Amino acid sequence: MHNFYFLFLIYYFFFFLSAASHAQTEVPQLTNVMSRENMSLNGDWNYIVDVQEEGYYDYRMKPTRWGFFRNAKPQKPEDLIEYDFDKAPTMHIPGDWNTQDERLFFYEGTVWLKTSFQARVPIEDYRTLLYFGAVNYDCRVWLNGRECGHHEGGFTPFNFDVTDLLKNGENVLIVKVDNKRRADAVPTLIFDWWNYGGITRDVMLVRVPPTYIEQFSLPLMPLKDKKKRTMAFSVKLNKAEAGRKVTVSIPELKLKQMVTTDAQGMASAMLTTKKLTLWSPQHPKRYQVEVSLAGNGADVVVDSIGFRTIQTRGKQLLLNGEPIFLKGISIHEEKPFGGGRACSTEDAHTLLTWAKELGCNFVRLAHYPHNEYAVREAERMGFLVWSEIPCYWTIDWTNKQTFRNAQRQLTDMISRDQNRAAVIIWSIANETPHGADRDRFLSRLAQHARSLDSTRLISMAMEVTQASNYKNRLKDNMNKYVDVVSFNQYIGWYRDVNDAPKMEWEIPYNKPVIISEFGGGARYGLHGDKNQRWTEEFQENLYIQNTAMLDKIDGLAGTTPWILKDFRSPRRVLNGIQDYYNRKGLFSDNGEKKKAFYVLKSWYEKR
């Protein structure tokens, strides 16, 4: 028996060493992938549910069975191959598996997905990148039987250079997706939303020249001179090539500037204009910006960008130098009607339209980076945005790999959306318990976010502590690392709603305050006394009492009540009421308005 396991380990080691040698390098994500020459791989993919991961491991070590990623076919009648993607059912990609196959509603584990597509090998030394908008959570990718690479994290994009793996004609792409929760993951084992598994965002092939524009940013600098506006342009190529000419232009403003890259393949310049119309919720003006790389294999990236500034002054938030109150709402990335991961501009537009009906100018996209479609649609419609990574509740604060994972998700979120005027707050956490390990972890994230983007605000959803029966105190060591102090409170839900008028709040920081969550649950259509839980009247009264209480908070700069619509959660098990939905939405899971909707709408109209 010992010899068997020894031989198995030796075989396992050399097999995966060999497989790893063929893996491609994950390259940093592209700027504006949708504006580049691309081919969508969305559509119906075959899938195989692999509960025991036998498609990846085989204790019997039979080559004919080893690895679903081989897409093996019998070569003669007696060959034993116990899987066949071509005979397997299909699901639509992008999309979660939980709502496409009722057998997978609660499933957490491995599912293999396969698609075939026709392609031509790139000519003239052009490269082809395989792009995923997001895969939840851990995935491995093979193209034509060879490994492209591995990615961990369920809500940010990634891409591999697959140029050398493509074939003329038919190509086979296979993705192993594993959504099992882990103690060392981000988010960790326990969280209050549905763990949708699958390839939940777009998949595409993107054609780029050998040297291309990897990232660029163009933020508006703080307004120091009312007669002219200055934008700070920076660009980074995918290669460290000096002497490359890059031009940035804004045709509508008649602005054009050429820069030359340094030895790191980077360059920067200041652009100044007197004609700029600033982006705001009332007037979400955007300009077409073109960034082009000259020379052999020219590269051009086009984007629509708004320009605005966001700052703080004492307890005020300043948008374009003027005080603003954030009339917000929290949103989960779930389809407007029923459950399922939202994955399109249409989904985002519907959700944001509901927020617009509520009178919002601000949305908290909780508790993870939402689809790029959602952020872009928010910008187009005139919403300010709070964007967050899923450091939620009890992260493994002392694990170095967990920190690197969180830092990578933060980096990718900022890299993707750094040119979105809508985004004004990068949030690094939600409701994390106080402690020295947590403080070290989160302070490093805050400093990292600041190093990547100094033009936006840093915040996190904190927890308040009870100083006395009717006095709450916000005391958090992270206060020195954030620009906006934000906290969640549920007076009326986790304690008597009648306590709300008696509550006092002690917030000892000279910074703007955002109440990042408040609210309570109600099942749409259930009516009764205002003191009867789960009725619309109970939720309505809770909002009446809470909004009156919030009016008394010094430095209140905005709120994002919990939440726009009911959403799926495995923690919400009350039959006949919750049925695996968190019912704190102002809209039902089918888009029906609850009575509390009108209370918040009225309060925002007075603000």
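Residues are numbered from 1 along each chain as its sequence is written, and side-chain values use heavy atoms, with hydrogens and water left out. Because the model is predicted, local features need pLDDT of at least 70 and side-chain atom pairs count only at pLDDT 80 or more, whereas totals for chains, interfaces and linings use all residues.

A salt bridge is taken as a side-chain nitrogen of Lys or Arg within 4 Å of a carboxyl oxygen of Asp or Glu, and under this rule the count comes to 51 salt bridges. One of them joins the side chains of Asp303 and Arg376, with an N to O distance of 3.0 Å. Asp303 lies in strand E18 (residues 299-305) and Arg376 in helix H3 (residues 372-381), so this pair ties together parts that are 73 residues apart in sequence; helices (H or I, at least four residues) and strands (E, at least two) are DSSP runs, numbered from the N terminus. Asp303 is buried, with a relative accessible area of 4%, where buried means under 20% relative accessible area, exposed over 50%, and partly exposed in between (1.4 Å probe, protein chains only). A network of salt bridges links Asp303 and Arg376 with Glu372, Glu379 and Arg420.

A further salt bridge is formed by the side chains of Arg473 and Glu506, at 3.3 Å from N to O. This pair links distant parts of the chain, with Arg473 in strand E28 (residues 471-473) and Glu506 in strand E30 (residues 504-506), 33 residues apart. Arg473 is partly exposed at 32% relative accessibility, and Glu506 is likewise partly exposed, with a relative accessible area of 26%. In the salt bridge between Asp589 and Arg583, the closest N and O atoms are 3.0 Å apart, and both residues, Asp589 and Arg583, are buried.
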